[in-house]
Amino acid sequence: MTANETLKIVSQQWCNLSDLMKLANVGRNTALSIKKSIKDSLLDQGYYVPNNAVPMKEVVKYLNIDINYLESRINKIGG
């Protein structure tokens with residue numbers, strides 16, 4: 001997946017299972033496990049999380065996605 005594709009996905013507010021599979025480069029079962037881990041953590045903190053998605057901000061944090069680096073790669077390639 002390219003930096004552009006990654007940034008397009010992480011620019012969304014919510015992350016569904018399909019997006020999580022792409023970002024983490026994992027299969028369905030592993031993505032479900034990651035989603036459950038993120039959701040459980042948020043529920044423990046007292047947040048409400050819908051069943052079908054988790055906040056993208058938490059996915060970026062969990063997967064340690066460096067948005068600044070991706071943007072710099074795009075700028076370097078494009079300019």
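# Close-up views of a predicted protein chain

The mean positions of the 10 positive and 7 negative charges of the protein chain lie 4 Å apart. Here Lys and Arg count as positive and Asp and Glu as negative, while His and the chain ends are not counted. Each charge is placed at NZ of Lys, CZ of Arg, CG of Asp or CD of Glu. This is a predicted model, in which local features need pLDDT of at least 70, side-chain atom pairs count only at pLDDT 80 or more, and totals for chains, interfaces and linings use all residues. Residues are numbered from 1 along each chain as its sequence is written, and side-chain values use heavy atoms, with hydrogens and water left out.

View 1. Along the sequence the pattern reads α-β-α-α-β-α-α. Helices (H or I, at least four residues) and strands (E, at least two) are DSSP runs, numbered from the N terminus. The C-alpha atoms fill a box of roughly 45 × 25 × 15 Å along the principal axes. The chain has 79 residues, and 32% of them count as buried. Buried means under 20% relative accessible area, exposed means over 50%, and partly exposed lies in between (1.4 Å probe, protein chains only). The chain exposes about 5,500 Å², and carbon and sulfur atoms supply 48% of that area. Such areas come from the Shrake-Rupley method with a 1.4 Å probe; for residues, only the protein chains shown count as cover. Take the contacts (heavy atoms within 4.5 Å) between residues at least 6 apart in sequence: 51% of them join residues at least 24 apart.

**View 2. The largest nonpolar core holds 18 residues.** Val10, Cys15, Leu23, Met56 and Val59 touch the most other members. Helix 1 (3–10), helix 2 (17–24), helix 3 (28–44) and helix 4 (56–63) each supply at least two residues of this core. Helix 3 gives the most, with four residues. A nonpolar core is a set of buried Ala, Val, Leu, Ile, Met, Phe, Trp, Tyr and Cys residues joined through side-chain atoms within 4.5 Å. Look at Val59. Leaving aside neighbours within four places in sequence, Val59 is in contact with Cys15, Leu20, Leu23, Ile38 and Val54.

View 3. A salt bridge is a side-chain nitrogen of Lys or Arg within 4 Å of a carboxyl oxygen of Asp or Glu. Glu58 and Lys61 are three residues apart, about one turn of the helix. Lys61 counts as exposed, at 56% relative accessibility. Just after helix 4, Asn64 takes a positive phi of about 55 degrees.

**View 4. In helix 3, Lys36 and Asp40 sit about one helical turn apart.** They form a salt bridge, with the closest N and O atoms 2.7 Å apart. The structure holds two salt bridges. An α-helix has 3.6 residues a turn, so residues three or four places apart point the same way. Asp40 is partly exposed, with a relative accessible area of 30%.

**View 5. Lys39 is buried yet has no salt bridge.** This residue also belongs to helix 3. The nearest side chain of opposite charge is Asp40, 7.1 Å away. Not counting residues up to four places away in sequence, Lys39 touches Val49, Pro50, Asn51 and Val54.

**View 6. Thr6, Ile65 and Leu70 come from separate parts of the sequence.** Thr6 is in helix 1. Ile65 lies in the loop between helix 4 and helix 5. Leu70 is in helix 5 (residues 67–78). Thr6 is buried, at 11% relative accessible area. Ile65 is buried at 18%, and Leu70 at 14%. The next contacts leave out residues up to four places away in sequence. Thr6 touches Met1, Leu23, Ile65 and Leu70. Ile65 is in contact with Thr6, Val10, Leu23, Val60 and Leu70. Leu70 is in contact with Ala3, Thr6, Leu7 and Ile65. Leu70 and Asn4 are 66 residues apart in sequence, with their C-alpha atoms 7.8 Å apart in space. Ile65 and Lys35 are 30 residues apart along the chain, and their C-alpha atoms are separated by 16 Å.
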